[in-house]
Amino acid sequence: MGAEPYDYTVPYEPDIQGALDKLRRRVFESKEFNGAEFDPPTPEAAFELTEADGTRSILDISRISDQPDFCCAAPLSPEELERYFGTQKPTEVKVRESADFWEDLERGMARYVILYEGDDPKGIYFAGYSFD
């Protein structure tokens with residue numbers, strides 16, 4: 001089948017894990033994921049039911065990690081921010097327009113970027129590819 005891209009933007013909050021947890025709840029409740037037709041009782045059950053394909057959504061990502069890893073969302077390093085967006089404080093437009101950022105994403109992992117308006121953080125952008 002091939003990996004499917006996904007991305008989400010949520011309002012900024014300092015607790016990145018909390019923002020991820022809220023996003024996962026929202027996606028699960030919306031039933032906008034692979035495997036929703038099985039009516040799983042939890043996001044974890046949805047992930048298990050979809051086996052190698054995963055949910056093709058943020059439900060495949062359970063936690064925040066300092067480093068990229070399977071089923072985790074990790075921040076970009078200062079060097080990656082500069083390389084992909086030319087700044088430490090990218091706007092959502094800059095992030096969405098960066099083909100290099102998407103080319104470097106690994107299957108089964110997600111990355112997140114704090115989005116800015118001027119010097120103020122305004123959002124969190126989560127992006128990733130499904131496992132298969």
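Nine salt bridges turn up in this structure, a salt bridge being a side-chain nitrogen of Lys or Arg within 4 Å of a carboxyl oxygen of Asp or Glu. The model is a predicted one, in which local features need pLDDT of at least 70, side-chain atom pairs count only at pLDDT 80 or more, and totals for chains, interfaces and linings use all residues. Residues are numbered from 1 along each chain as its sequence is written, and side-chain values use heavy atoms, with hydrogens and water left out.

Take the salt bridge between Lys-22 and Glu-13, where the closest N and O atoms sit 3.1 Å apart. Glu-13 is buried, at 18% relative accessible area, while Lys-22 is partly exposed at 45%. Here buried means under 20% relative accessible area, exposed means over 50%, and partly exposed is in between (1.4 Å probe, protein chains only).

Another salt bridge pairs Arg-83 with Asp-104, at 3.9 Å from N to O. Arg-83 belongs to helix 3 (residues 78-85) and Asp-104 to the loop between helix 5 (99-103) and strand 4, so this pair ties together parts 21 residues apart in sequence. Helices (H or I, at least four residues) and strands (E, at least two) are DSSP runs, numbered from the N terminus. Asp-119 and Lys-89 also form a salt bridge, with 3.4 Å between the closest N and O atoms. That pair links distant parts of the chain, 30 residues apart: Asp-119 is in the loop between strand 4 and strand 5, and Lys-89 in the loop between helix 3 and helix 4 (92-96).

Now for the inside. The largest nonpolar core has 23 residues, and Ile-58, Tyr-112, Ile-124 and Phe-126 touch the most other members. Such a core is a set of buried Ala, Val, Leu, Ile, Met, Phe, Trp, Tyr and Cys residues joined through side-chain atoms within 4.5 Å. Helix 1 (16-30) is one of the elements giving two or more residues to this core, and its six residues make up the largest share. Apart from this core lies another, of 12 residues, including Phe-85 and Trp-102.

Just after helix 1, Lys-31 takes a positive phi of about 60 degrees.
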